[in-house]
Amino acid sequence: MRGSLYAEWTKLRTLASTCWLLLATAALTVAVSAAAAAAVRCPSGGCADDPAKISLTGIYLGQAVVAVLAVMAVSGEYGTGMIRLTLAATPRRLIALAAKAAVLTGLILVTGTIAVFASLLAGALILPGHGIGPSHGYPAISASDGPVLRAAAGSVLYLALIALLSLGAATALREAAAAIGAVLGLLYLFPIIAVFTGNASLSRHLEQIAPMTAGLAIQATTGLNTLPISPWAGLGVLAAWAAGALVLGGMLLRSRDA
Amino acid sequence: MNTITPSRSAAPPARAGFAHLLHAEWTKFRTVRGWVIAVIVAVLVTVLLGLFQGSHSHVAPCTTGPNGPACHYVIPAGPGGESVTDTFYFVHRPLAGDGTITVRVTSLTEVAESSQTLNGRPVSTKPAVVPWSKAGLIITAGSGQGSAYAAVLVTGSHGTRMQWNYTGDTAGLAGRVSAASPRWLRLTRAGDVITGYDSAGGTSWTKIGAVTLPGLAPTVQAGLFATSPGYAQQTSQQITSASGTAAPTDATATFGRVGMHGGWPGSSWTGTSVHGGPDSPYVTGHEAGYRQAGSAFTVTGSGDIAPDVTDGVPIDVLLAGLFIALITVLVVGAQFMTAEYRPGLIRVTLAASPRRGRALAAKAIVLGAVTFAAGLAGAAAAVLIGIPLLRASGNPVYPATALTEVRVIAGTAALAAVFAVLALALGAILRHGAGAVTVVITAVILPYLLTAAIPVLPAGAADWVLRVTPAAGFAIRQVIPAYPQVAASYTPSSDYFPLAPWAGFAVSCAWAALALALAAHFLRRRDA
């Protein structure tokens with residue numbers, strides 16, 4: 001296992017794209033979060049806004065880059081034929097997959113932590129100037145606040161789970177474009193379809209089982225009783241999706257020719 | 001200075017060459033089984049989701065009556081076929097033939113139901129300013145909902161107006177009416193033509209407008225009215241479904257010096273509450289009605305005489321499946337280009353067609369045509385089968401003209417084709433399938449998601465996002481128009497786009513054209 005971990009770490013580390021994608025994840029997350037915070041206006045106060053959640057808007061875009069990174073970690077090997085070398089070196093294929101998952105999770109946890117805390121910092125600096133701050137009766141964005149800490153840690157875990165979901169999907173589908181299409185479709189389409197159903201209970205059920213809407217419930221720090229699903233349960237739903245994708249990918253990896 | 005000269009074939013380009021090129025690209029497309037299956041699946045998903053939406057939407061408020069649950073809910077239709085709100089208190093008498101009615105309005109006040117409740121009942125009412133409360137003179141073909149009409153009226157905060165047939169609206173004198181600054185209103189009927197005037201002092205009159213109500217019967221109903229639409233308060237820039245609170249309101253207007261000339265056969269006034277269904281829209285504890293003392297009247301009413309933008313299912317909900325189909329199409333579009341690079345097929349393609357821009361054009365045409373045809377088939381089936389299903393399951397369908405239906409169906413198919421070409425061009429620029437798919441999905445679907453589906457962006461930012469990103473093209477789906485004289489939440493999350501349908505579509509086309517131009521540039525400059 002240690003050898004596999006080292007091999008996967010070397011492969012990911014030495015790809016120029018890995019570094020760029022990690023940088024892009026952090027930069028886009030922070031940029032979109034800061035832009036969303038700067039766009040909010042609440043001059044008269046009393047807006048039903050959630051400061052932490054606004055500060056973490058960038059996750060919606062950042063997760064797409066994380067998905068690309070995870071998909072390319074597998075599909076890139078299929079594209080170049082590298083996968084045959086990997087599996088020859090690690091004949092126990094699930095070990096190879098687990099090593100990939102572990103290395104990828106580590107990288108995303110580090111990058112995600114930087115991106116999330118930088119986003120919250122941007123929100124804490126920008127939002128009070130737009131009528132959403134402690135002087136207007138909103139909770140301050142600080143890491144010592146329980147709900148804010150939950151939103152921050154949860155968002156980092158969310159990104160890691162998105163990476164695992166993408167890794168599983170890419171292992172199952174192999175082809176990079178199809179895999180990224182499937183992952184982004186899974187994330188972005190549920191809420192759109194939910195809106196169109198025009199049926200409140202069906203729409204709520206869709207939001208409860210959708211990987212993105214359920215998973216991002218973790219970002220809420222106010223109005224928890226209006227959420228379709230409670231924060232940690234929502235992250236659990238995403239974890240179930242990620243586990244399902246990994247199991248499916250692992251089964252196909254074992255049974256198929258590379 | 002170094003210039004790179006692209007390799008060019010010495011053979012003269014033949015006209016027939018492009019047809020061959022198209023044929024070659026079509027052959028490449030149809031012989032990849034995965035792409036053909038993906039397109040067929042996209043069509044099927046669009047149709048099936050349309051059928052599901054048609055049979056599972058329940059937006060009509062169902063009431064439980066003596067005969068069990070009933071979901072008939074009829075939205076009145078105006079003379080132009082548009083769905084309208086037509087609820088007001090009407091103090092009227094018949095007008096036979098031509099005639100004139102003049103009145104002085106000295107006050108217009110509104111009350112809103114307080115949002116505080118005690119044992120489920122509101123505890124009090126409170127004074128409110130309802131911008132589009134209305135009171136004044138109206139000449140209508142009848143007191144049934146949806147009748148043709150013309151009116152001059154004072155409003156809560158939009159001055160004096162002349163309005164007709166629900167959608168027509170012309171401004172007259174500005175300012176709010178009060179005892180110190182009364183408004184004089186006059187309506188004159190001559191055949192089918194009704195002319196509205198207003199005046200601040202009752203001596204010098206200004207014509208606001210003259211409208212023709214075709215086929216107006218000789219005897220019409222004319223008189224005084226008052227109405228006031230529900231009060232909607234937006235509590236946040238961050239629009240969420242829970243942030244708006246609405247409460248019924250009603251308006252009371254004081255009229256005096258009613259004067260009439262012409263054919264007024266009756267001798268007394270009749271008060272009618274024009275509304276549909278048994279529910280009174282009035283504020284609890286207040287009654288609609290009128291009081292008369294000589295030629296002075298006080299009229300209280302609630303509702304609106306305006307186009308209806310809140311009820312009825314717009315037909316674009318039947319096209320929800322298109323978003324799923326779109327992801328499939330975007331993946332195929334990107335792969336149609338990037339697949340050339342992996343086995344080195346691109347070198348054969350470019351050797352066969354040394355003028356590289358033409359090879360790209362042929363690809364774009366084949367992909368666009370296939371996507372448009374598939375989108376048209378899917379969207380047309382979803383909408384045309386879905387509408388009867390919606391009606392059968394008791395939902396009022398927002399009436400759309402045939403032209404609007406064609407625009408929504410064909411425009412949606414064309415939009416899918418434009419986005420597919422955008423994916424193709426990004427594939428040529430990035431030469432990386434996953435990269436191209438990610439960029440195109442985050443450029444097309446993500447802006448729509450963050451502004452319309454889960455509105456996490458504030459309304460002002462959302463409008464800008466839908467003006468400048470490729471997602472602007474989704475405006476082509478908008479069915480219900482926005483009316484300046486109706487206060488409603490005209491935000492992307494309520495299906496209103498900041499750009500007009502074809503303007504939004506043009507923005508998407510511009511992005512695709514820009515990407516294609518860049519792709520052609522890179523294709524020529526780079527080694528394959």
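Modeller: The crossing of α6(A) and α11(A) is right-handed, a crossing being right-handed if the near helix is turned clockwise from the far one by less than a right angle, and left-handed if anticlockwise. Helix α6 of chain A spans residues 93-126 and helix α11 of chain A residues 231-255; they pack at an angle of about 145° with their axes 9 Å apart. Axes here are lines fitted to C-alpha atoms over the stretch in contact, and angles run from 0 to 180 degrees between N-to-C directions. On the α6(A) side the contact is made by A:R93, A:L94, A:L97 and A:A101, and on the α11(A) side by A:L246, A:G249, A:G250, A:L253 and A:R254 (contact: C-beta atoms, placed from the backbone, within 7 Å). By class, this contact has five nonpolar, two polar and two charged residues, with Ala and Leu counted as nonpolar, Gly as polar and Arg as charged.

The model is predicted, with local features needing pLDDT of at least 70 and side-chain atom pairs 80 or more, while totals for chains, interfaces and linings use all residues. Residues are numbered from 1 along each chain as its sequence is written, and chains are lettered from A and ligands numbered from 1 in the order written.

Chain A has eleven helices and zero strands (DSSP runs, H or I of at least four residues for helices, E of at least two for strands, numbered from the N terminus). Of the contacts in chain A with a separation of 6 or more, 77% are accounted for by residues 24 or more positions apart. The C-alpha atoms of chain A fill a box of roughly 65 × 40 × 25 Å along the principal axes.

Methods
Contact = placed C-beta atoms within 7 Å.
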